[in-house]
Amino acid sequence: MKTADLVQDYLRAVEREASALPAERRQELLADLAEHIEVTRAERPGTAVVVVLAELGDPRTIAATALAEAAHGNDWVPARSHGDDAPSARPGKVHPLVPLLMLTLVVPFGMVFPDQPGPVFGVLFRIIGAVLLCTSVHWRAVQKTTGVLLTAVLPTVLIATWNLSSGVLQEDSAPALLPNLVITALIAAVCTWLWRIRRA
């Protein structure tokens, strides 16, 4: 049986067993499982999909856990199923604060160090922060996309537009304070939002 078929069969079994969950919560559970399977297979490419599915556990157990968690108002998180030697289901190798801080500190760092190496480090912080955000297990795909667009792409476009329209690219000009403060406030607001909605 193909890998994709095994995963789909597993997810369908979980969906059947979790039919008592509200539809939105059930879809969220299935999305979490699919993301976990994808992340685990990417981190351990030599591991067979049947091993990954076995580590997640029996669909009936997952559904029962999700129902119990829903009754207590908590989010379901894949758990270890084979003792201490099994890898954690949600490894979270990088603390969620790291990408958020890197994205937030880009503009202030550039303002403090307007000459080299400020701009270089600013670009590096923005790229690394965006990559860490995209690869994190603490947010869903839509949240990651929104975060990257609002903290990395939009500020870059705004800064480039401001520089081109006002001639700030001249060598003797200092960065404009007001646009930088507005962009910093935007990034800080988005990062605060991301911090509040993160998954443990």
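What pLDDT does the protein chain average, and what share of the residues score at least 70? The structure is a predicted model, and its chain comes out at an average pLDDT of 77, with 82% of the residues scoring at least 70. Two stretches call for some caution. Over residues 79-92 the pLDDT stays under 50, and the model gives this stretch 24 contacts beyond four places in sequence. Residues 168-174 also have a pLDDT below 50, with 8 contacts in the model beyond near neighbours in sequence.

On to the helices, starting with helix 2, which covers residues 23-43.

Helix 5 (residues 97-104) packs against helix 9 (residues 177-197) at an angle of about 170 degrees, and their axes are 9 Å apart. Since angles over 145 degrees count as roughly antiparallel, that is how helix 5 runs relative to helix 9. On the helix 5 side, Leu97, Leu100, Leu103 and Thr104 make the contact, while helix 9 brings in Ile187, Ala188, Cys191, Leu194 and Trp195. Sorted by class, this contact has 8 nonpolar residues, 1 polar residue and no charged ones.

Glutamine 143 is another residue worth a look. It sits in helix 8, which takes in residues 141-166. With a relative accessibility of 15%, glutamine 143 counts as buried, because the cut-off is under 20%. Setting aside neighbours within four places in sequence, glutamine 143 is in contact with Trp193, Leu194 and Ile197. Leu194 also belongs to the contact between helix 5 and helix 9. Arginine 198 lies 55 residues from glutamine 143 in sequence, yet the C-alpha to C-alpha distance is 9.2 Å.

Methods:
Residues are numbered from 1 along each chain as its sequence is written. This is a predicted model: local features need pLDDT of at least 70, side-chain atom pairs count only at pLDDT 80 or more; totals for chains, interfaces and linings use all residues. Side-chain values use heavy atoms; hydrogens and water are left out. Axes are lines fitted to C-alpha atoms, for helices over the stretch in contact, and angles run from 0 to 180 degrees between N-to-C directions. Helices (H or I, at least four residues) and strands (E, at least two) are DSSP runs, numbered from the N terminus. Angles under 35 degrees count as roughly parallel, over 145 as roughly antiparallel, 65 to 115 as roughly perpendicular and the rest as oblique. Contact means heavy atoms within 4.5 Å. Ala, Val, Leu, Ile, Met, Phe, Trp, Tyr, Cys and Pro count as nonpolar, Asp, Glu, Lys and Arg as charged, and the others, Gly among them, as polar. Buried means under 20% relative accessible area, exposed over 50%, partly exposed in between (1.4 Å probe, protein chains only). pLDDT is the predictor's confidence in each residue, from 0 to 100. The expected span of a helix is 1.5 Å times one less than its number of residues.
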